[in-house]
Amino acid sequence: MLASASAYAQGVSYTVRIDAPRPLEELLQDNLDLVRWRGNPRLDRDQLQRLVKNTPDQVRTLVATEGYYSPNVTAALNTSGAALEARVMVDPGQPVLVGDVDLVLQGFEPLAPTSVKFDADALRRRWSLGVGQRFRQADWEVAKRNLLRQVMQTRYPRAQLVESNATVDPDMRRALLRVVVDSGPEVQLGGLRIEGLKRYPPTVITNLNQIKPGDEYDEATLQAFQARLQDTGYFSGVEVSADMSALLDESIETMTDEQKGAAPNAPAAAAAAAGPVTTPVLVRVTENKQRNVAAGLGYSTNTGNRAQLTYDDLNVRGLRLKSKLIFETLRQTARADFYFPTTPKGYNDSFGGGFERNDLRGERTNVTTVAARRSWGSPLLERSLTVEVLHEKRQVDDLPETSSKSVPLTYSITRRALDNLLSPTSGYVFNAQFGGAVLPVLTDERFLRATGRFVNFRPIGPAGTLVLRAEAGAVVSKRKLGVPSTFLFRAGGDQSVRGYAYQELGVLESGAIVPGRYLLTGSAEYQYWFRPPYGVAVFVDAGNAADSLRDLRPKAGYGIGARWRSPVGPINVDVAYGQAAKQVRLHFSLGFTF
C-alpha cells in the first residue's frame, strides 16, 4: 500500500509502502513510528535512517500480538527515485497456536449446607481461547476477562485472577496457557438497604423484592429486581447491587492474626475458614416528581384530530393516580385510575372510572364505567382479571335512543415470545380474553364473550420479515339488544383491515354500521429492510364483523408501506386499497400494539 506525504518547508519528505497481509498491514499502518513521523518538519535524513533501521524490531513486536512470533521482516529506504520511499516487507510465517490450557480453580467449595457444588467443568468448557486456536494477545485478554466475569456473576463476586501466564515457544509455534482463579468468599444476600427514598412509602420497593436472606449472590437476580423497580414509574433512576463495602468491612473485622500472616497464595484457604459471608442488598433510587402534567396535539388516521391532557400523581394517600382527557374527532374520553403498590406476591391492583363518547358510522354511544382490576405476571406472561359496572346510551340515526347496563367480568392472558418487546423481528405474541355478564345483577342482557389475537414474526433471509396476524371474537347471548356495544365487534382501520376506514366493517342497521356478534380478521405482510432501520412492506388484509357466522364474509385490502424502527417503536406508513370499498386510504401507526 502506497501512502503519499505532504511537502514541508523543513524536514525530509518520504512515502511508506508496507507489503503484508491486509490485517497486519492495517495494524502496522496504525502503529509504526515510521508512518507516524511522516510529515514531521523536524525529521531529518539521519533520523529517518534510524527509524527505518528500528522498524523490523517494532514490526516483530506488533505482529506478535497477532500470534506471529517468527516473521521475516525487511525494511529499506529507497533513494534512487525522485522521492524517498521507505519500504517494509513482512512475511508473518506460521502463527503460534494454543497447545494447552491449564485452568486452576482455588476455593469454590460449597460452604453452606444448602449450597450446590460449583460447576467447574462448565466453566472450563466456556473458556474461549481453546487448544488449536491462534494465540492473539487481544483474545488472551478477552478470555481471561470473560472467565472472571462468569465466575463473579454468581456466588463469588469477589473472585480474582491470582496468576496468568502464557509461555510461547516460537520454534514449536505453541503457547502454553496457565490461569489461576481464586474464588474469594462465597457470598450470600441479606436484607435490603434503601437509599434515596423520600416521597414514597418503602412498600413500593419491599413488595417487589423476591430476594430472601440467605439466597446466594446472583447478578441476574439483582438485575431483575432493578428492572421491576424501574417499571413502577416511581423512579427516574434505580441501581440494585450487593453492598460490597459492608462485605469488606466484615472481612476485615473477622480476619484473625493467623490469616493476616498467611501466605499470599492462600486467599481461598482463608475464605474457607471464614465460611460464607452475607452482604446487604443496596437499592439506590432517584425519585420521579410526584406530580406531572402533560398536554399534546396529534392526528390519527383512525380517529382524526387529537388533543390530550394527562395528570399523574404518584402519591395520593399511598396510591398512584393516572388520569387523562382525550378529545378526538370521532371519540372523546375522560378517565382516572388509582393503583395500589405491588403486593409481595406480585399482584398489581387498581380501580377507577371513566366516560367515553364515540361517533362511528352513524352510531353514537356514551359509556360510563367503574372498574376494578388485578394483574400479575411479567411482560412475557401477563394475566389480569377485571370487573366493571357499565352503563351505555346508544343512538342510531332515525331510531330511538336505547340504554343498557351490565356487570361483566373479564379474564385476559398475554403470552410474548419475542426477540425484542419494542421492535420485534422474530417470535410471537398471543392474547386471549374470556368473560361476560352472567349474573342478573345490574345487567339487562346476560352474555358470554371470547376473543383471541395472534401475531407471528418470521425472519425470511438476512433482510426480510414475514408478519402474520389473526384475530377472532364471538359473543353469545339470547338477544343482541342489551349487550353493550363496547363488547361487540367491528373491523377496519390501521390495526385491523387496512384499505377501510376505522370500524367501517360491521352490520348495516338503518343506514349505520354497527357492531356484530362475530369477528374474524387476518393479515400477511412481508417487510424488507433494505437499509436498517428503514424498510418497505407489502401486505394483504382480510376480515369482517357480522351477527352470524354465515354472514361473516371477509373484505380484502392490500397495499404497500414504509417502515422505520424508531427508538420508541416501529413507525408504519401504509397506502392500502380496499377491494369492497373501491377506495385508496392512507394509514399511519406507531408502535407494536400488544
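Which residue lies over the face of Trp 529? Arg 565 takes that position, at 3.6 Å from the ring centre. A charge is taken to sit over a ring if NZ of Lys or CZ of Arg is within 6 Å of the ring centre and within 35 degrees of the ring normal. Arg 320 lies over the face of Tyr 234, at 6.0 Å from the ring centre.

The model is predicted; local features need pLDDT of at least 70, side-chain atom pairs count only at pLDDT 80 or more, and totals for chains, interfaces and linings use all residues. Residues are numbered from 1 along each chain as its sequence is written, and side-chain values use heavy atoms, with hydrogens and water left out.

Confidence is expressed as pLDDT, the predictor's value for each residue from 0 to 100. The protein chain has a mean pLDDT of 89, and 92% of its residues reach 70 or more. Over residues 1–9, however, pLDDT stays under 50, and the model has 21 contacts (heavy atoms within 4.5 Å) beyond four places in sequence for them. Residues 268–273 also stay under 50, with nine contacts beyond four places in sequence. Where pLDDT is low, the predicted coordinates should not be read in detail.

Helices (H or I, at least four residues) and strands (E, at least two) are DSSP runs, numbered from the N terminus. Helix α1 spans residues 22–31, and its buried residues are Leu 24, Glu 25, Leu 27, Leu 28 and Gln 29. Buried denotes under 20% relative accessible area, exposed over 50%, and partly exposed in between (1.4 Å probe, protein chains only). The cover over these buried residues includes β2 (14–19), α2 (33–36), α3 (45–64) and β4 (84–91).

Rings of Phe, Tyr and Trp (its six-membered ring) pair if their centres lie within 6.5 Å; planes under 30 degrees apart count as stacked, over 60 as edge-to-face and the rest as tilted. By this rule the count is 12 aromatic pairs. The rings of Phe 135 and Trp 140 have centres 6.1 Å apart and planes at 50°, so this pair is tilted. Phe 135 is buried, at 1% relative accessible area, and Trp 140 is buried at 4%. The rings of Phe 338 and Phe 351 have centres 5.4 Å apart and planes at 20°, so they are stacked. This pair links distant parts of the chain, with Phe 338 in strand β14 (residues 331–339) and Phe 351 in strand β15 (residues 348–360), 13 residues apart. Phe 338 is partly exposed, at 24%, and Phe 351 is partly exposed at 37%. Ring pairs also link Trp 127, Phe 135 and Trp 140 into a cluster.
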